[in-house]
Amino acid sequence: MKRVFSGVQPTGNIHIGNYIGAIKQFVELQETMDCFFCVVDLHSITLPQNPEELHKHTLDVAALYMAVGIDPKKATIFVQSHVPAHSELNWLLVCNSYMGELSRMTQFKDKSSGKDAVPTGLFVYPTLMAADILLYDTHIVPVGSDQKQHLELTRDIAIRFNNRFGETFVVPDVKIKEVGARIMALDEPTKKMSKSAENPLSRISLLDPPAQIKKSIMKSTTDSDNEIRYDVENKPGISNLLTIYSLFSGLTVPEVEKKYHGAGYGTFKKDLVEVVTDSLTVIQDKFYAVRESEELRIVLKEGAAKANEIANETLSRAKKKLGFVML
Ligand code: ATP
Ligand code: MG
C-alpha cells in the first residue's frame with residue numbers, strides 16, 4: 001500500500017486555503033492509502049510563537065483534522081514533537097544540504113524579508129520538512145502549490161543521500177490539486193491566504209463564526225467592473241472567490257459564472273457567504289465535540305506510538321549508513 005505524509009503548522013487555525021488545497025485531499029487519500037497526518041508544531045516555532053496559543057492551536061488543528069473527516073481508524077494523526085526522530089533526522093539532513101539551495105527557497109525569502117533578526121530555524125525549515133517526509137518512506141505528499149519547491153528540495157536531498165551512502169530513503173512524489181492549490185488572500189488577492197498573515201479578514205478560518213465569515217467575504221477586494229468572470233490575471237479577487245464558491249458548492253467555475261451572469265458582486269458575495277457558512281457550520285459542530293472529548297488525546301497517543309515505531313526504524317537505517325555506532 002502506498003504511504004502518504006502531510007502536515008499543517010499550528011500557527012493559527014486552519015483556513016479554507018489549507019482545507020481546499022491540502023486537507024480535502026487527505027480525506028480522500030485515507031480510503032486507499034496508508035496515511036500519516038501530522039500537526040507540525042516544531043515547524044511553528046521557526047517564527048516566534050506565544051506558548052499558550054501554540055498549545056491551543058496544536059490541539060485545535062488535531063481536532064480539526066478529525067472534524068473535516070480524517071478518521072483515526074483509517075489514518076494516523078499525530079503531533080511532530082511527540083516523535084523525536086524528526087529533530088534527529090533533521091540534523092543529519094542539515095549536514096547533507098547546502099546553504100545555496102536553502103537560500104533559494106521562496107518561502108524563506110518571503111518570511112525573512114524585512115526582519116532584522118532571522119531565526120536560523122526558518123532557514124532550515126525545508127530540511128525539517130524533508131525529515132518529516134522521508135522518515136515515513138513516503139510515496140505521496142499532498143500539499144498546496146506553495147510547498148512544491150520544498151518538495152523538490154526533499155527529493156534532491158533524498159537522491160543525494162542515497163547516492164552518497166547507498167539506498168536509504170524512498171524518493172517522494174508531490175500531489176497538488178488542479179483547482180484550489182493556491183487560494184489567495186481576501187484583502188490582497190495577489191498573495192496566498194496564510195494562517196500567519198496579520199489581517200484576520202485576509203482569510204476565512206474553519207472556526208470563524210458566521211459574522212466574521214460575512215465580514216471577510218463582503219469586504220474582500222474585487223475590481224470595479226462588477227462582472228463575474230474568471231480571469232486570474234485581470235480579475236484576481238473575483239477569480240479567487242469563484243474558485244472558493246466552486247469548491248464549496250461542487251459546481252464547476254463555468255457553472256458558477258453562468259449562474260451569476262449579469263448579477264452584481266454584492267449578490268454573488270452574499271450567496272458565497274451562505275455557501276461557505278453552511279459547510280463550515282457542519283465542521284464546527286464536529287470540531288467542538290472532538291475538542292472537548294477524551295478521544296482526542298487517545299488518538300494523539302496512539303498516533304505517536306505508531307509514528308515513533310516507523311520513524312525510529314528509518315532513522316536507524318540512516319544513522320547506520322552514515323557510520324554511527326549502533327548499540
Ligand atoms: P503559515 O502562514 O503559518 O505558513 P499556512 O497558511 O501557509 O500557514 P501551512 O501550515 O504552512 O499553512 O500549510 C499547510 C498546508 O496548506 C500545506 O500543504 C500548504 O501547501 C497548504 N496551503 C497553505 N496555504 C494555502 C493556500 N493559500 N491555498 C492552498 N493551500 C495552501
Ligand atoms: Mg505556510
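The UniProt annotation "short sequence motif: 'HIGH' region", from an unreviewed entry, covers residues 10-18. In this predicted model, the end C-alpha atoms of that span lie 12 Å apart. The span is 33% helix and 0% strand. UniProt also places a "binding site" feature, again from an unreviewed entry, at Asp132.

**Around the annotated motif: Gln9**

- Gln9 sits in the loop that runs between β1 (3-8) and α1 (16-29).
- Gln9 has 26 other C-beta atoms within 10 Å, so it is buried; the cut-off for that class is 20 or more.
- Gln9 and Val39 are 30 residues apart in sequence, yet their C-alpha atoms are 5.9 Å apart in space.

**The annotated binding site: Asp132**

- The "binding site" label on Asp132 comes from UniProt, and the residue belongs to helix α8.
- Is Asp132 buried or exposed? It is buried, because 27 other C-beta atoms lie within 10 Å.
- Residues up to four places away in sequence aside, Asp132 touches Phe5, Gly7, Cys38, Val40, Gln80 and His86.

**Helix pair α8 and α9**

- Two packed helices are described by the angle between their axes and the distance between the axes.
- Helix α8 (residues 125-134) packs on helix α9 (residues 148-165) at an angle of about 70°, and the axes are 9 Å apart.
- The two helices are therefore roughly perpendicular to each other; that class runs from 65 to 115 degrees.
- The crossing of α8 past α9 is right-handed.
- On the α8 side, the contact uses Pro126, Met129, Ala130, Ile133 and Leu134.
- On the α9 side, it uses His150, Leu153, Thr154, Ile157 and Ala158.
- By type, the contact residues of α8 with α9 are eight nonpolar, two polar and no charged.

**Helix pair α10 and α13**

- Helix α10 (residues 210-218) meets helix α13 (residues 265-292) at an angle of about 145°, with the axes 9 Å apart.
- α10 and α13 make a right-handed crossing.
- From α10, the contact residues are Pro210, Ile213, Lys214, Ile217 and Met218.
- From α13, they are Lys269, Leu272, Val273, Val276, Thr277 and Leu280.
- The residues of this contact split into eight nonpolar, one polar and two charged.

**Helix pair α4 and α14**

- The axes of helix α4 (residues 85-94) and helix α14 (residues 295-322) come within 10 Å and cross at roughly 25°.
- That angle makes α4 roughly parallel to α14, because angles under 35 degrees fall in that class.
- α4 passes α14 in a left-handed crossing.
- α4 supplies Ala85, Glu88, Leu89 and Leu92 to the contact.
- α14 supplies Ala311, Asn312, Leu315, Ala318 and Leu322.
- The contact of α4 with α14 holds seven nonpolar residues, one polar and one charged.

- Most residues other than glycine have a negative phi.
- Asp137 is not a glycine, yet has a positive phi of about 45°.
- Asp137 lies in the loop that links α8 to β4 (140-142).
- Asp137 counts as partly exposed because it has 18 C-beta neighbours inside 10 Å.
- Asn226 is not a glycine either, and has a positive phi of about 60°.
- Asn226 belongs to the loop between α10 and α11 (236-249).
- With 13 other C-beta atoms within 10 Å, Asn226 is partly exposed.

**Val253 in helix α12**

- Val253 is part of helix α12 (residues 253-259).
- Val253 has 15 other C-beta atoms within 10 Å and is therefore partly exposed.
- With neighbours within four places in sequence left aside, Val253 is in contact with Tyr230, Leu242, Thr243 and Ser246.

Note on methods: Residues numbered from 1 in each chain as written. Chains lettered and ligands numbered in written order. Predicted model: local features only at pLDDT ≥ 70, side-chain atom pairs only at ≥ 80, totals over all residues. Axes fitted to C-alpha atoms, helices over the stretch in contact; angles between N-to-C directions. Helix = DSSP H or I, 4+ residues; strand = E, 2+ residues; numbered from the N terminus. Parallel < 35°, antiparallel > 145°, perpendicular 65-115°, else oblique. Left-handed = near helix turned anticlockwise from the far one by under 90°. Contact = placed C-beta atoms within 7 Å. Nonpolar A, V, L, I, M, F, W, Y, C, P; charged D, E, K, R; others polar. UniProt positions renumbered as here; feature names shortened; annotations may be inferred. Buried ≥ 20, exposed ≤ 12 C-beta atoms within 10 Å, placed from the backbone.
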